[in-house]
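Hello! Here is the structure I promised to pass on to you. Have a look at it first, and then read my notes below with the structure still open.

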Amino acid sequence: MSSGSEGGSASGAGSGSTNEAGVTDAPAGDASGPLLLTSSGFKEGDMIPLAYKCAQGTVQSTGMNMSPPLSWTAGPAQTQSYAVVLVHLAPDMSVHWVLWDIAPGTPSLPAGIPEVPNPALPPGTSQMKPGVDGSTWFGYQGVCPRPGAGTQRYEYSVYALDVSKLPNVTIQSTGMAVLAAVKAHQLAHATLSGTEMY
């Protein structure tokens, strides 16, 4: 787990509020420290659990292709939205997931974000088609085993952004194009890395 920032600084922590569903909303733009990303599904550096792997891999490692539960601390005071990204690091740096236009009061994602262009939860968000490892749908494409490739690293990231709606991208954009737009508007980001043995 690591964090970084570009432009903007953190301010004192607030208490947030609890909505009708009993979910505590993070106080938007009221961070008490660096942006941090965690998951109840695995820890930094762990092997990524089967549930979060792709569903079309080898028989021994076929997963559920379910996005993991993720939680983060509040971003800098200027944060207007968040984006969550999954990238397969070297050798190919392929983008497996981008969920963007996440409202600034949202502190977490549940497991299993639906594979649709605009999921109902979190409201107002968008996903593109990753188009990697045989995926043809909108949304999450998990870790996808390739026998003989050795240990691979995957990185989940949350970005605090300076815009409420990410400009110049749509659900038809490529993963690399959306990631470039995310990085162009980042105030801070944090990562959570996992590994997979192929």
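**What I found**

Strands β10 (residues 151-161) and β11 pair in the antiparallel sense over eleven bridges. Please keep in mind that this is a predicted model. To find one spot in that pairing, look for E155, which stands opposite S193 in β11. Strand β11 covers residues 186-197, and ten of its twelve residues are buried.

Next, follow β10 over to β6. Eight bridges join β6 to β10, and these two strands run antiparallel. Here V85 has S157 in β10 as its bridge partner. Strand β6 also pairs with strand β7 (residues 94-102), again in the antiparallel sense, over six bridges. In that pairing, the partner of V84 is L99 in β7. The hairpin of β6 and β7 has five residues between the strands, and M93 takes a positive phi near 55° there.

Two bridges join β5 to β8, and L70 stands opposite L109 in β8.

Now for the cysteines. The count comes to one disulfide, which joins C54 to C144 with an S to S distance of 2.3 Å. The link is right-handed, with 75° about the S-S bond. It connects distant parts of the chain: C54 sits in the loop between β4 (37-38) and β5 (70-72), and C144 in the loop between β9 (126-127) and β10, 90 residues apart. Both C54 and C144 are buried.

A search of the whole structure finds four aromatic pairs. One of them is W72 with Y82: the ring centres are 5.6 Å apart and the planes are at 55°, so the pair is tilted. W72 belongs to strand β5 and Y82 to strand β6, ten residues apart. W72 counts as buried at 6% relative accessibility, and Y82 is buried with a relative accessible area of 1%. W97 and Y140 form an edge-to-face pair, 5.2 Å centre to centre with 85° between the planes. This pair links strand β7, where W97 lies, to the loop between β9 and β10, where Y140 lies, 43 residues apart. W97 is buried at 0% relative accessibility, and Y140 is buried at 1%. Elsewhere in your view, F42, Y52 and Y156 form one aromatic cluster.

A polar atom of the S67 side chain lies 2.9 Å from the backbone nitrogen of I113. Not counting residues up to four places away in sequence, S67 touches Y52, W97, P110, A111, G112, I113 and Y140.

Happy exploring!

Terms used: Residues numbered from 1 in each chain as written. Predicted model: local features only at pLDDT ≥ 70, side-chain atom pairs only at ≥ 80, totals over all residues. Heavy atoms only, no water. Buried < 20%, exposed > 50% of the residue type's maximum accessible area, 1.4 Å probe, protein only. Helix = DSSP H or I, 4+ residues; strand = E, 2+ residues; numbered from the N terminus. Pairing = 2+ DSSP bridges. Disulfide = S-S within 2.5 Å. Polar contact = N/O pair within 3.5 Å; in protein donor to acceptor, adjacent residues only side chain to side chain. Contact = heavy atoms within 4.5 Å. Phe/Tyr/Trp six-rings, centres within 6.5 Å; stacked < 30°, edge-to-face > 60°.
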